[in-house]
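This explanation starts from one residue and then widens to the elements around it. Please keep the sequence and the structure in view while reading.

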Amino acid sequence: MMDTTYWGWIFGVVVMKDRRTGKILWRKFINKKETLSDYIEGIDWLELHGFQIDGIVCDGLRGMFQTLSKYKVQMCQFHQVQIVKRYLTCSPELEASKELLYIAKLLCHTDKESFIGAFDEWFVKWSDFLKERTKDKRTGKSHYTHPRLRSAYLSIKRNMSYLWTWYDNPELGIPNTNNGLEGKFTDLKSKLRNHNGLSKDHLKVFIDEYFKATFQ
């Protein structure tokens, strides 16, 4: 399981966790947005130190699926739902958006066949709506009338084959979300709230000690 959490614009930490033992296996502090190279660095370290990677759960950073194509990769379903919410908001006005958001929210709670069936039915119903274009009176050029709805739809469509790795490979025991790692982040930040005012260096020391404790 791998993901990154941030402390505002100060810094972030890339973390890799073993689902079976619950241990934090690798971490790296970063002073910028996470990149593919950060995750590759961690994976290379794990393999160099004898870890066997049966599967990876990640948030679908652009280019990640192609880069990690030799592994069984699961797109975190929770992250996918959050992506859809960012495009549509939590209270969309369009009926098509309401229906797509409803379907997206089913992702973590249903099986592959039911989800794909509902998603395909939605597309058949709203395909013409998705194709609608509006002409710019000033430039004379046209653009899609519902770009955010299209983006939400295309995000699910592009990631679909990676949303069900856990379902297609039950023998590997891959989780369908990174919630186990997100829970670590939440617990860590909760504990840090009791130590307001720590400098960046002291924050890093606290975080290191927190992660080291997971090996006990």
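Ser97 is a residue of helix α4; helices (H or I, at least four residues) and strands (E, at least two) are DSSP runs, numbered from the N terminus. The model is predicted, so local features need pLDDT of at least 70 and side-chain atom pairs count only at pLDDT 80 or more, while totals for chains, interfaces and linings use all residues. Residues are numbered from 1 along each chain as its sequence is written, and side-chain values use heavy atoms, with hydrogens and water left out.

Ser97 has a relative accessibility of 5% and therefore counts as buried. Buried means under 20% relative accessible area, exposed over 50%, and partly exposed in between (1.4 Å probe, protein chains only). Apart from neighbours within four places in sequence, Ser97 is in contact with Leu88, Pro92 and Leu149, where contact means heavy atoms within 4.5 Å.

Leu88 belongs to the buried residues of α3, along with Gln77, His79, Gln80, Val81, Ile83 and Val84. These buried residues of α3 pack against β1, β5 (73-75), α4, α6, α7 (165-168) and α8. Helix α3 (residues 77-88) has 12 residues, which should span 16 Å at 1.5 Å a residue, and its end C-alpha atoms agree with this at 17 Å apart. The expected span is 1.5 Å times one less than the number of residues. Just after α3, Thr89 has a positive phi of about 70 degrees.

Beyond its neighbours within four places in sequence, Ile156 is in contact with Gln80, Val84, Leu100, Ala104, Phe115, Phe119 and Leu163.

In α5, the buried residues are Phe115, Phe119, Trp122, Trp126, Ser127, Phe129 and Leu130. Their cover includes α4 (95-105), β7 (142-144) and α6 (147-159). A kink of about 55 degrees in α5 is centred on Lys125; the bend at a residue is the angle between axes fitted to the seven residues ending there and the seven starting there.

The strands β1, β2 and β3 remain. They form an open sheet of 3 strands in the order β1-β2-β3, with antiparallel pairing; two strands pair if DSSP finds at least two bridges between them. β1 (2-7) and β3 (24-30) are at the edges, each with a single partner strand, so one side of each lacks a neighbour in the sheet. From one strand to the next the twist averages 20 degrees.

β1 pairs with β2 (residues 11-17) over 6 bridges, and Thr4 stands opposite Val14 in β2. β2 and β3 are also joined by 6 bridges, with Lys17 opposite Ile24 in β3. These two strands form a hairpin with 6 residues between them, and Gly22 in the turn has a positive phi of about 80 degrees. Because 5 of the 7 residues of β3 are buried, β3 is largely enclosed by the rest of the structure. Helix α8 (residues 179-192) lies across β1, β2 and β3 and runs at about 25 degrees to β1. Axes are lines fitted to C-alpha atoms, for helices over the stretch in contact, and angles run from 0 to 180 degrees between N-to-C directions.
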